[in-house]
Amino acid sequence: MLTDPASTHGAAGWRDRDLAVLWHPCTQMREHPDVLPLVPVERGDGAWLVGYDGRRILDGISSWWTNLHGHAEPRIAGAIARQARTLEQVILAGFSHAPAVELAERLLAIAPRQAGRAPLAKVFYADNGSAGVEVALKMAFHWFRNRGEPARTKFVALENGYHGETLGALAVGDIPLYRRIYAPLLAEALFAPSPDAWLAAPGETAAQPAARAADALADLFDRHPGEVCAVIVEPRLQCAGGMRMHDPAYLRRVRELCDANGALLIADEIATGFGRTGTMFACEQAGIAPDLLCLSKGLTGGFLPLAAVLATQAIYDGFLDDSRERAFLHSHSYTGNPLACAAALASLDIFDSDGVLERNRGTAARMAALAAPLAAHLHVADVRQAGMVVAFELTRDGDRGTPFPAAARVGLRAYRAALERGVLLRPLGDVLYWMPPYCVDDAQLELLATVTAEAIEEATACA
Ligand SMILES: *Cc1c(COP(=O)(O)O)cnc(C)c1O
């Protein structure tokens, strides 16, 4: 039975119960509760998280980038409830159901397109982002096997990229904190320089690091002729890598290089998809379409885990054969779960009925205006924005060359300072960012900006 943990056992008692049984994600458990507070949440209400004591916390990071239209959004909640009374789950091998079919149709209809290129034509479901990345990697590899090109075994990934935590996804990720310890277990990948605009030298624009990274990718292809099966990228925005953004021109070069070298392009839009960077998908800003597109996180509006991998007809056709081994025999028990598909359909309906992308343009402009004054802060080296994401890079001297010592834990201090003031910010290292639910209103944005300024001040004061 669900009880109010705080009132039944007192705040301390509740914490003890949690720590007695739970192992939290992405957490050094030793830091609970002395370094890191543990925050019980009873319910969600739009952009707010509400505690058992009624305390409201603004969800500045959309609960790990999943939520789109607000917590407990009644239309999505209603769609899930209706679906649960009709069909909660059914095997998707040999069986089918309307939500899975309708969602596939609608995803294919809105997927990025590129003139002269065959559109994405088939949808394969998985049940979380990492699993979706595994699907795309295995599909790319297997497709070349089926074509009789067994030498194509290598993946190219970008430095500072992130694609999830399972072993295949970690192998194409480049965040040392998550990857280093598991390195002996990981398949070898080729890493190409990031196009990250932050890497621009003084006086350069975002175009130069993007051009250099594309040239380096061309060199990598030259050094591994006929060996690369796919390049995997997070288009426009490397999220876990510190909300680093790049010039869309880079993506056009990657698309050309993949085509010229016979390799597939996997776009991981698990975090950037569904309007996060200002367009429905980030690929649109470069006018490119990938061969494989990975979607998750916001796919269900942030209500349920689900992933979709969209593939071209050519990739799908490469698996058609009399042999079962040439088929894609990958499955997850909850593939295409009807509740998750119903939530995703309701989320897409909200994009249409509420004119979400249009409304977000106004919201993003207000975020820009509120973020601009923070650029003047002594320790803010960069303020950057891609649609509904704004990031603040903190350094010791407010320039690019002088990061805070890791031991100063500036990000952690900012996290605690913001939480005390009723805002959930969860910095990536020393990068603070705003990624609010799309329903965020002006007053909430002002709170976000005020608290961010105070958190930066407090976190950097004694570092
Ligand atoms: C979060 C994320 C993933 C992994 O998704 P999970 O559902 O957390 O496994 C993969 N790629 C990108 C770009 C992500 O941001």
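## Ligand shell and annotated sites

The side chains of glutamine 238 and serine 194 make a polar contact of 2.9 Å. This comes from a predicted model. Glutamine 238 sits in strand β8, which covers residues 237-238. Is glutamine 238 buried or exposed? Its relative accessible area is 2%, under the 20% cut-off, so glutamine 238 counts as buried.

**The ligand**

Which residues surround the ligand? The shell consists of Trp65, Asn128, Gly129, Ser130, Tyr162, His163, Gly164, Glu234, Asp268, Ile270, Ala271 and Lys297. Sorted by class, the shell holds 4 nonpolar, 5 polar and 3 charged residues.

| Residue | Ligand atom | Distance |
|---|---|---|
| Asparagine 128 | oxygen | 3.5 Å |
| Aspartate 268 | nitrogen | 2.6 Å |
| Lysine 297 | oxygen | 2.7 Å |

How much of the ligand's accessible area does the protein cover? On its own, the ligand has 380 Å² of accessible area, and the protein covers 83% of this.

**Lysine 297**

Lysine 297 belongs to the ligand shell. A polar atom of its side chain lies 2.7 Å from a ligand oxygen. An unreviewed UniProt entry places the feature "modified residue: N6-(pyridoxal phosphate)lysine" at Lys297. The residue lies in a loop, between β11 (292-295) and β12 (307-312). Its relative accessibility is 23%, so lysine 297 counts as partly exposed.

**First set of annotated binding-site residues**

UniProt (unreviewed entry) lists Trp64, Tyr162, Lys297, Ser331 and Arg426 under "binding site". Where do these residues sit relative to one another? They span 363 residues in sequence, and the farthest two C-alpha atoms are 33.3 Å apart, so the residues do not all gather at one spot. From this set, Ser331 is part of the lining of the second largest pocket.

Tryptophan 64 is in helix α2, residues 62-65. Its relative accessible area is 38%, so tryptophan 64 is partly exposed.

Another "binding site" annotation from UniProt (unreviewed entry) covers Gly129, Ser130, Asp268, His332 and Ser333. These residues are spread over 205 residues of sequence. They are spread in space too, with up to 22.6 Å between C-alpha atoms. Which of them line the second largest pocket? His332 and Ser333 do. For Asp268, an N or O atom of the side chain is 2.6 Å from a ligand nitrogen.

Histidine 332 is found in the loop between α10 (313-317) and α11 (338-353). Its relative accessible area is 23%. Buried would require under 20% and exposed over 50%, so histidine 332 is partly exposed.

**Alanine 136**

Alanine 136 is in helix α5, which runs over residues 129-146. Its relative accessibility is 0%, so alanine 136 counts as buried. How far is alanine 136 from leucine 348? The two are 212 residues apart in sequence, and their C-alpha atoms are 23 Å apart in space.

Terms used. Residues are numbered from 1 along each chain as its sequence is written. This is a predicted model: local features need pLDDT of at least 70, side-chain atom pairs count only at pLDDT 80 or more; totals for chains, interfaces and linings use all residues. Side-chain values use heavy atoms; hydrogens and water are left out. A residue is near a molecule or strand if one of its heavy atoms lies within 4 Å of it. A polar contact is a pair of N or O atoms within 3.5 Å; within protein, one must be able to donate a hydrogen and the other to accept it, and residues adjacent in sequence count only if both atoms are side-chain atoms. Accessible areas come from the Shrake-Rupley method with a 1.4 Å probe; for residues, only the protein chains shown count as cover. Ala, Val, Leu, Ile, Met, Phe, Trp, Tyr, Cys and Pro count as nonpolar, Asp, Glu, Lys and Arg as charged, and the others, Gly among them, as polar. UniProt positions are given in the numbering used here, feature names are shortened, and annotations may be inferred rather than shown by experiment. On a 1 Å grid over the protein atoms alone, a cavity is a set of points where a 1.4 Å probe fits but cannot get out, and a pocket is an open set with protein on both sides within 12 Å along at least five of seven lines; lining residues have an atom within 4 Å of a point. Helices (H or I, at least four residues) and strands (E, at least two) are DSSP runs, numbered from the N terminus. Buried means under 20% relative accessible area, exposed over 50%, partly exposed in between (1.4 Å probe, protein chains only).
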